[in-house]
Amino acid sequence: MTATSAPGPATTTRTPAVAILRLLGGFQISQALYVAARAGIADELRDGARQVPEVAEATGMRPDLLRRLLRTLSVEQVFTYDEDQDTVALGPLGHTLCGDTDESVRDIALMWMETHYRPFAQLWSTLHDGVPAAERELGKPFFDWLGEDADRVAGFTSAMGNMMRAIRQDALDAIDLGDVEHLVDIGGADGTAIASLARRHPRLRGTVFDLPHVVTAAPATLAAQGLADRIDTSGGDFFQAVPQGADAYLACFILHDWNDKQSTRILERVHEAAAPGARLHLVETVLGKGPAPEIATMLDLTMMGMLDGRERTQEDWRALLAGAGFRLTGIVETAGPMCVVEAVKVDS
Ligand SMILES: C[S@@+](CC[C@H](N)C(=O)[O-])C[C@H]1O[C@@H](n2cnc3c(N)ncnc32)[C@H](O)[C@@H]1O
């Protein structure tokens with residue numbers, strides 16, 4: 001018997017009790033995926049099926065227990081475990097746990113289980129007192145805790161790179177920079193997003209702006225793509241000031257990290273800095289729009305548990321932007337879960 005024929009995620013043929021049990025057991029599946037990702041099992045299988053004892057030896061695991069993990073993750077379509085042959089291969093989702101495929105989310109698997117998993121045990125309290133679960137668990141706001149350790153920052157930046165590659169590209173491709181001369185990427189991390197835009201717009205100049213200890217990753221990304229002469233970097237705090245005078249600003253996956261008051265302060269700094277009539281492009285989810293509403297609602301929970309942020313509806317975006325001197329000009333829906341929220345600076 002092979003596990004390949006095992007049905008995947010809950011379907012309408014399941015009873016409600018089975019469907020809810022499956023959801024309740026999600027924490028175990030998350031940890032099983034983490035173990036597989038951390039051990040590099042998917043990478044061991046890139047060249048095809050292998051005997052389970054061989055994979056066990058390569059990853060230092062006990063074969064009897066590894067077999068059970070693989071059987072479970074085969075039901076989830078990650079691996080294909082053949083009980084008769086005692087072999088395992090990548091399943092339909094398996095390549096996403098490899099380290100360096102285009103759709104890799106391996107670094108997210110590592111980060112979520114190493115930083116997000118434990119705080120979520122405090123979600124009960126968050127729903128009662130509004131304090132983010134991570135703040136209670138870590139004793140301080142998540143970004144403060146993150147910034148204390150260079151390895152944590154590196155892990156978070158690579159996980160964001162994974163997340164962004166997996167769900168952001170459709171939105172970046174939908175941004176029309178037309179005749180924009182200078183684009184500032186607010187919270188641009190290692191510069192991957194602006195690099196993708198600069199490759200598409202050969203005359204575009206740009207600046208990656210992020211916290212000083214984060215933006216240090218950007219020069220290498222930009223140099224590797226031959227963009228160091230067009231894109232520079234700047235370190236600072238977007239609550240204090242952002243680079244001046246550009247005709248367009250990008251904030252990709254930034255404002256959802258912050259509550260409305262904080263987001264307004266960031267937007268006000270952009271408004272102060274931006275050239276007259278400058279355009280603002282926000283790459284964000286818009287609740288109720290897009291083909292993957294479950295990603296937007298899942299991220300909304302992430303924002304509730306880890307930060308004091310939230311996903312927003314179109315009307316939320318309109319009001320937030322208006323409060324900081326920007327007019328919403330449109331929402332561009334894409335094939336992916338992210339939208340582009342387009343706005344223009346209203347000059348006072
Ligand atoms: C969710 S990540 C988004 C990264 C990037 N825009 C992307 O699409 O890959 C949020 C970014 O905001 C940055 N950030 C957080 N607080 C900041 C602050 N006060 N000033 C500037 N950047 C900040 C973080 O360092 C991180 O790179």
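1. Start with the ligand site. Of the 17 residues around the ligand, the nearest are G187, D210, D237, F238 and C252; "around" here takes a heavy atom of the residue within 4 Å of the ligand. Keep in mind that this is a predicted model, where local features need pLDDT of at least 70, side-chain atom pairs count only at pLDDT 80 or more, and totals for chains, interfaces and linings use all residues.

2. Now the polar contacts (pairs of N or O atoms within 3.5 Å). The side chain of D210 puts an N or O atom 2.7 Å from a ligand oxygen, while the side chain of D237 has one 2.9 Å from a ligand nitrogen. C252 uses a backbone N or O atom instead, 2.8 Å from a nitrogen of the ligand. The protein buries 94% of the 590 Å² that the ligand exposes when taken alone (Shrake-Rupley areas, 1.4 Å probe).

3. On to a helix pair. Helix α4 (residues 52–59) packs on helix α5 (residues 63–75) at about 105°, axes 9 Å apart, and the two are therefore roughly perpendicular (65 to 115 degrees).

4. In that contact (heavy atoms within 4.5 Å), V52, P53, V55 and A56 of α4 meet P63, L66, R67 and L70 of α5.

5. Housekeeping: numbering runs from 1 along each chain as its sequence is written, and side-chain values use heavy atoms, leaving out hydrogens and water.

Definitions and conventions:
Axes fitted to C-alpha atoms, helices over the stretch in contact; angles between N-to-C directions. Helix = DSSP H or I, 4+ residues; strand = E, 2+ residues; numbered from the N terminus. Parallel < 35°, antiparallel > 145°, perpendicular 65-115°, else oblique. Polar contact = N/O pair within 3.5 Å; in protein donor to acceptor, adjacent residues only side chain to side chain.
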